Amino acid sequence: MESLSDNLADLFVFVKVVELKSFSEAARASGSTKSTVSKQVRRLENTLGAKLLNRTTRRLALTEVGQLAYQHGLRIVEETAALRGSVEGMQATPRGHLRVTTSVAFGNLHLSRLIGQFLNLYPDISVALTLSDRYVDIVEEGFDVAIRLTSTPIDSFVARCLAPIAYVVCASPAYLASHASVATLADLASHNCMVNGLARDAIWRFARDGQVSDVKVTGRFAVNSSESLRRAVLDGIGIGLLPTFAIADDLRAGHLNVLLPEYSIEGTFGNSIHAIFLPSKFVAPKMRVFVDFLLTRFKDEEHWSRTPADEPGQPW
């Protein structure tokens, strides 16, 4: 026997028949036929195991069970209409709770300051921002969107490119004053090149005039945080490969110097910032406006994708 939950459409039709007091009118209102409506009511009666309507050629009369079914059915119809209205309201006006995750450095340096602006624009949206340098499974951990530095987003997710970013090899003036100069890629072998990761060595990829060179570097300090790596470079411990979004102010203030500025460099985690989220036919307005907001704001951060060669007049 089918359960009532399998026959909600039949229940809705039954409510319509009772309200209009006619199978023909109910069929017309639902865009169906009288025979189909009759079949649906009979099927509902079979599911409930009771007669719902006494029918004559002139009128319809509810049985006692039919009256009970109508009362419950009407409440379900009203609650369904209320749900539809609520959903349509949410689809029309961005609202709800948004769970966002990104890396610690990018979150602290850039995303956190933008969240306040976003909340002021959309008072019906709340945001929970989680900063983590580990890989976050947005499905298992219930996040709506992840802001990630990657050039190869996962195929099964939607990835909106928010902005390109550039990386530079850099060191503090104090470190450079007490160590051999870095004029060529080969010179890196004699330096303490600190790695963003947990291994002591890494491959840094340089490009110039269409030629790509992979250089193996090694150092005495490895850390899986660009914030910590930036601090170590500022402290004169060694040379680091860092994104310009993390050190633009340090470069302009002269606290860090760019090495090998004639090369473009592939970043450790990719040269683009993406908003990553699950594919859906219906993208929630809260998601849409958040991603669009970041796209607009990140257009103002063009220096993220620039290298010293692009801005020769700047004190890099």
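Leu-260 is placed in the loop between strand E13 (257-259) and strand E14 (264-265); helices (H or I, at least four residues) and strands (E, at least two) are DSSP runs, numbered from the N terminus. The model is a predicted one, in which local features need pLDDT of at least 70 and side-chain atom pairs count only at pLDDT 80 or more, while totals for chains, interfaces and linings use all residues. Residues are numbered from 1 along each chain as its sequence is written, and side-chain values use heavy atoms, with hydrogens and water left out.

Most residues other than glycine have a negative phi. Leu-260, which is not a glycine, has a positive phi near 55°. Because its relative accessibility is 3%, Leu-260 counts as buried (under 20% relative accessible area; exposed is over 50% and partly exposed in between, with a 1.4 Å probe and protein chains only). Lys-21, also not a glycine, has a positive phi of about 60°. Lys-21 is found in the loop between H1 and helix H2 (23-30), and with a relative accessible area of 65% Lys-21 is exposed.

Helix H1 (residues 8-20) packs with helix H3 (residues 34-48) at an angle of about 115°, and their axes are 9 Å apart. Axes here are lines fitted to C-alpha atoms, for helices over the stretch in contact, and angles run from 0 to 180 degrees between N-to-C directions. H1 and H3 are therefore roughly perpendicular to each other (65 to 115 degrees; under 35 is roughly parallel, over 145 roughly antiparallel and the rest oblique). On the H1 side, Ala-9, Asp-10, Leu-11, Val-13, Phe-14 and Val-17 meet Val-37, Gln-40, Val-41, Arg-43 and Leu-44 of H3, where contact means heavy atoms within 4.5 Å.

Asp-250 is part of helix H8 (residues 244-252) and, at 7% relative accessibility, counts as buried. Apart from residues up to four places away in sequence, Asp-250 touches Arg-230, Leu-234, His-255 and Leu-256. The side chains of Asp-250 and Arg-230 are joined by a polar contact of 2.6 Å (a pair of N or O atoms within 3.5 Å; within protein, one must be able to donate a hydrogen and the other to accept it, and residues adjacent in sequence count only if both atoms are side-chain atoms).

Lys-216 lies in strand E10 (residues 211-218) and is exposed, with a relative accessible area of 58%. Neighbours within four places in sequence aside, Lys-216 is in contact with Asp-201, Ala-202 and Ile-203. Lys-216 and Asp-201 are 15 residues apart along the chain, and their C-alpha atoms are separated by 7.0 Å.
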